[in-house]
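Please walk me through this structure.

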Amino acid sequence: MFAWFRWDSLSTKIIVWTFVPTAIILLAVALVALNAYQEVTQDLVIERDLELTRLASNQLIFELAEYAELLMDTIRTANIYTGDPMHQQGALVQAYDRLSVFDGGVVVLNEEGTVAATLPHRPGLMNQDWSELDFFQNLSQHFQQFNADESKELEIFFSDILPDPSQSYKDVIGIPLPIVDLQRNVFRGVIFGMFRLDPGSDNAFFNIIHDLELGDIGTKYLVDGNGRMIYHSNPEKIGSDFIGKDVSDLFVVQQVLQAQEGSMRTTDINNQDIVAGYSPVMYTRWGLITEESWAVLTSDSHNHRKYLYALLILGVIVPTLLVTIGVKRIMRPIELLMDAAQKVAKGRFGQPIKVSSQDEIGQLAEQFNIMASELQESYQFMEQRVDARTRKLSALYEITSVANESLDLDTTIERTFYQVLDAFETQIGSIQLLDESETVLHLAIQKGIPDEITDAIEKMPPGMGLGYWIVENKQPLIVGDVTKDKRVSERTKHMPVHAYAGVPIRAKKKILGVLSVAKEGAHQFSADDVALLATIADQLGVALENARLYEAEQRRAEQFRVIGEVGKHITSILDLDQLLIQIATLVQGAFDFYHIAIGLIEENEVVYKVGAGPLWKELGNQFPEDRFQVGKEGISGWVAATGEPLLVPDVSQDSRFVFAKFGGDRIQSELAVPIKAKGKVIGVLDAQSNELNHFDQSDMMLLQLLADQAGIAIENAQLYEQAEQAAIMEERSRLARDLHDSVTQSLYSVTLFAEAAKRLAKNNDLEGTEDYLQQLGDNSQQALKELRLLVYQLRPSTLEHEGLIGALKHRLNTVEERAGVKTELVVNGAADLEESVEEALYRIAQEALNNSLKHSAASLVKVEFSSEADQVALSVHDNGQGFDPSQASQNGGIGMISMRERIEKLGGKLHIDSAPGKGTQIQCSLSLT
């Protein structure tokens, strides 16, 4: 049966030396492909698990942030940050409906960590000391760091598992937030909302975690910063005995507690292969861990491996049979042609070959003779053909390089286009791209097309012309003579071309445009030419898609950068007029809008305040007296009434648009968004363009984000103005009070003594008259001292311009010297002090001098300042009548309390040395380290 098979036969050698290496290569390729497939599958599975874990972590903190916002809303009420326990308890009761989600209750701690208020009311908790709890110490320290470094921001903290301080439940977990008096920048304590760690109850905290649905994810569990279990998705492991269990010995838990995130293949407690992902939860010390079965995740890949094995077997057996049979049938006739082939190999192309066979071998011999006769003729054209093919392949290589290297859209189009023209040896061609509507073609680049033909192509309606035919049919097109093609318009038939070839530009199965070339004369494009052109178009499509994606990412990055820049600039501006100007200028300059206007609501009208852009400059940087009634006039009036943004692509088609006095006839499209503060519309941010359909949804989203920032900044500026007015009124009240308590009473006493002296003088009682006149003079002198003190306090302080020593000297010369008190200023050493330190020392000296001038009747005042190494000291000493410091503190002593608070806030000490009849000395010392 196998008699024809011999190891030394030519057919056997052909089979062995050609197919066996091929089979080995196929086997190696199959094994490499299988191994690569397994590795890629593992990498994708692990990466997917990490992304799901990270997504779940972000989703969890996002959901929990809503409950933090409930506490923030409560903190913003005045009754909370005043620090009064009764007011705080009342504020919690009023917020009961919102805070009832905290099933473990809500507790307010004062700045010392003592319980000041609870919800629900628990008398047993009141006045308990919680200052040793971690979250209270963390928030207190964090606020001190925030207060020392203004560049820091207060963050949200979420506590770890801790025993319920009220002992009502086993364990709790919650959200502590600092209570800060923003006007005084003072830490008032902490509000702590607690969730019970009881999965059996209707608990909002467990509902949030349970609702984290992430596809077919297997198991997920949450641990706190100490490695204790907060939650587990396996119902069998949810219970009072499992919650709070310490699992910090697990490797993935150790990793996530070190703020690491990742995913890895490992085994579970049942020694089953799993993929474990872990990710820390932002603003907490918690970590989220997910586990999925490796077998489940890779089940789909098993079938693919079977197909690879089957293909490998078929790739070896079938070719072996076919090659063996074919070689044996072909080899015998071929031997007859070997001699003739040797002659041809020596260059004797004209030698005929005679083969008696009339089958395919005979035909092969006949064709061989024809080939030999034509081979000589073909040689002279071979070099030219190779050169043309090389040039086209070189163009394809260059275009591929452009697609991989350049992300600039114009550069990619230009370089690709001229490479195509060189490859096809023509100077006529074009690239047309579809617009955003994907219905209209526009010329991106062209060469060799007259201007009048270019205009006709640009104005050609969809559905006409060769380009639209290619887009609609999604296939290449070859035209031998465009002047005779019915799809070509009469106007474009006048082009000096005949042959045309065009192909669609694709990316991700989407048509982006058309690439076409043309030639004059009777030249025809071949199928190979179109295939090469299609390959180039595919490369161009990839490059265009990459360039567009890159431009979109760049634009999005620039948008968020501008949002950050605007927020950074406007948050520090407290002057309302300057704030509005900065907002308008930054928005218009960053996005090159034609016109930006900001209007604020006054009573029931939108009044435009400031603007930016060319139109604003034409108006001389001010608006005419144009006002729009809320809900009745203009697009801005509609936005102010509804509180919703409005995008108008064509204002001429919208009845709400009002042609304002200031250039309304030039406005073509408009985008207006509301400016809100605490949910109330306070103004409108209006962007206008002199082009139709200029804005899109991304512009609306961006402008709304900027308007939200502007609303906060405007509200801060308005609150600052109100605070300034309140401060002015308070200062006026204080001066009136001081005048009434000091100067007015002294003057009234002068009046009484003058009347009494007048009556005694009429009765010739000179001794009594002299006594009253003496008291009248003393009271007049005291009134003059106090009046000079008040006048000095009204004058601008010289502290900023002359420093601490200059300000003290100016005070002594201006007040004490003029009041007849002898003064002495002693300075030992010099120090470069911070403004806050100079301010505190000066205010302490001022208060001490005021008290001496008002109460001590001193004739000598000595102020001494000393600086040595890292220590500074300031003392004020007078020879007045003195006082008992203990009695003064019991009777009010507000001035002394104020001095002591100032120096202790800086870490210094205050000492008061006085006694009746012995004068007074006030000393303060401060370390600068």
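Is aspartate 160 buried or exposed? Aspartate 160 counts as buried, because its relative accessibility is 11% and buried means under 20%. Keep in mind that the model is predicted.

Aspartate 160 has a charged partner. Its side chain meets that of arginine 285 in a salt bridge, at 2.1 Å from N to O. Arginine 285 has a relative accessibility of 44%, so it counts as partly exposed. In general, side chains of opposite charge can pair when their charged atoms come close.

Now take a second pair. Arginine 228 and aspartate 171 also join their side chains in a salt bridge, with 3.7 Å from N to O. Arginine 228 lies in the loop between strand S6 (219-223) and strand S7 (229-232), while aspartate 171 belongs to strand S4 (residues 171-181), so this pair ties together parts that are 57 residues apart in sequence. Aspartate 171 is buried, with a relative accessible area of 9%. Arginine 228 counts as partly exposed, at 23% relative accessibility.

Glutamate 816 is buried, at a relative accessible area of 2%. Arginine 811 is buried too, at 1%. Elsewhere, salt bridges that share partners join Glu51, Arg54 and Glu261 into one network. How many salt bridges are there? The count comes to 10.

Next come the aromatic rings. A pair of aromatic rings is described by the distance of the centres and the angle of the planes. The model has six aromatic pairs. One of them is formed by phenylalanine 136 and phenylalanine 187. Their centres are 6.3 Å apart, the planes are at 55 degrees, and the pair is tilted. Phenylalanine 136 lies in helix H5 and phenylalanine 187 in strand S5 (residues 186-196), so the pair ties together parts that are 51 residues apart in sequence. Both phenylalanine 136 and phenylalanine 187 are buried. Tyr67, Phe102 and Phe195 form one aromatic cluster.

Is phenylalanine 143 buried or exposed? Its relative accessibility is 5%, so phenylalanine 143 counts as buried. Now compare sequence with space. Phenylalanine 143 and valine 186 are 43 residues apart in sequence, and their C-alpha atoms are 9.1 Å apart.

Finally, turn to the surface. Which residues gather in a patch of negative charge there? They are Glu111, Glu112, Asp129 and Glu132. Where does glutamate 132 lie? Glutamate 132 is in the loop between strand S2 (115-119) and helix H5 (134-148). Glutamate 132 is exposed, because its relative accessible area is 62% and exposed means over 50%.

Technical notes. Residues numbered from 1 in each chain as written. Predicted model: local features only at pLDDT ≥ 70, side-chain atom pairs only at ≥ 80, totals over all residues. Heavy atoms only, no water. Patch = residues over 30% accessible without salt bridge, like charges linked within 9 Å, V, L, I, M, F, W, Y side chains within 5 Å. Areas by Shrake-Rupley, 256 points an atom, 1.4 Å probe, with all protein chains shown as cover. Salt bridge = Lys/Arg side-chain N within 4 Å of Asp/Glu carboxyl O. Lys, Arg positive; Asp, Glu negative; His and termini not counted. Charge placed at Lys NZ, Arg CZ, Asp CG, Glu CD. Helix = DSSP H or I, 4+ residues; strand = E, 2+ residues; numbered from the N terminus. Buried < 20%, exposed > 50% of the residue type's maximum accessible area, 1.4 Å probe, protein only. Phe/Tyr/Trp six-rings, centres within 6.5 Å; stacked < 30°, edge-to-face > 60°.
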